[in-house]
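Here is a briefing on salt bridges and strand pairing. Start with the charged pairs, then turn to the strands.

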Amino acid sequence: MSTNHNDIVRIAERRQDLITRGDLERLGLSKKAIQRRLAAGQLRPVAPGVYTAMEVPDGAPRRELALCLAYPDAVISHESAARYWGVRRAPKDRAEITVPKGFRLDQDDAVVHYSSDMPANHVVELADGSRITSVARMVFDLGGVLDAQAHASVIEDVRNRSLCSDAELGEVYEDLCRRGRRGSAAFVRLAGLIERAARPTMSEIELELHAAMVAAGLPPAVQQHPVTLPSGRTVYLDLAYVDCMLDIEVDHSEWHATPSAVERDKARDVGLAIVGWERLRFTERSLDRSLRVCVAQIEAVRTARLARLRPTAA
């Protein structure tokens, strides 16, 4: 199979002019063909198994994406995450990532941190393949590298601009704080700023919606149904009709309005769409104002999906 250089460029354009060895092999290039393009200068290595076909400077965001593409367990973190989320006084050209303990990574152009505590809810997956710590996890991590005054400034900035809810900060605090862990002492000093609250598995409004659906004649939905996304991460759906692959989500104002939550929701929606699921989102306000209308919409979408997935035999 012959591969046009424009095919490589077209794929790379979606990811800051980066392309992986896996992409090239799917385009039909053999190992020898890749080596020939490298030797001819048509490709330039940026990270192990990651290349560029363009002569553009390797700024920090591009280096971070290359590391995420090269190492599936790498997560952009600390001051690099602060720069992405727009936290004040974050450095502009420093690439920082976190990888699991025991994973050795020698990277001259990046600061590497090691941690085996990186729950899925602490990571936001972006559409270009980057993985970045949530705002709350970023705040916790910076507590281990900044002095008390600088860390307090970060928390003040995050809270004043509503980049992160107190509940999200509290969740990370509950997940990670323990004696001897970097960041724990700093976070404890400032714990008075936050409310340590965790989101329940099913909130009152979700239970009310489900009851209204059943009362309207819809079959019971599966609560917290697990779905594995193309990235390999498993997510849990609020209310799922597995027979027609329909997901109904309640967007709580406290949990879905922050920038990290918006990014996470968008990436999750794309992943679900790729594996065939349709998602309906309802806000607490819309359910409070017009619960019956929302239920009618769910019924209409479910009926349409069943008709498409189970066509009447001729």
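A salt bridge here is a side-chain nitrogen of Lys or Arg within 4 Å of a carboxyl oxygen of Asp or Glu. This is a predicted model: local features need pLDDT of at least 70, side-chain atom pairs count only at pLDDT 80 or more, and totals for chains, interfaces and linings use all residues. Residues are numbered from 1 along each chain as its sequence is written, and side-chain values use heavy atoms, with hydrogens and water left out. Across the whole structure, the search returns 13 salt bridges.

**E278 and R305**

- E278 pairs with R305 in a salt bridge, with 3.0 Å between the closest N and O atoms.
- E278 sits in strand β12 and R305 in helix α14 (residues 291-309), so this contact ties together parts 27 residues apart in sequence. Helices (H or I, at least four residues) and strands (E, at least two) are DSSP runs, numbered from the N terminus.
- E278 is partly exposed, at 27% relative accessible area. R305 counts as buried, at 8%. The cut-offs are under 20% relative accessible area for buried, over 50% for exposed, and partly exposed in between (1.4 Å probe, protein chains only).

**D269 and R279**

- D269 forms a salt bridge with R279, and their closest N and O atoms are 2.7 Å apart.
- Helix α12 (residues 259-274) holds D269 and strand β12 (residues 278-283) holds R279, so the pair links parts that are 10 residues apart in sequence.
- D269 is partly exposed, with a relative accessible area of 27%. R279 counts as buried at 15% relative accessibility.
- Both residues belong to one network of salt bridges with shared partners, which also includes D247, E249, D251, R268 and R281.

**D23 and R15**

- The side chains of D23 and R15 form a salt bridge at 2.0 Å, N to O.
- Both D23 and R15 are buried.

**Strand β5 and its partners**

- In strand β5 (residues 96-99), E96 and T98 point one way. I97 and V99 point the other way, and all four are buried.
- Strand β4 (residues 75-76) runs antiparallel to β5, and two bridges join them. Strands pair if DSSP finds at least two bridges between them.
- I76 has I97 in β5 as its bridge partner.
- Strand β6 (residues 111-114) pairs with β5 in the parallel sense, over four bridges.
- V99 stands opposite Y114 of β6.
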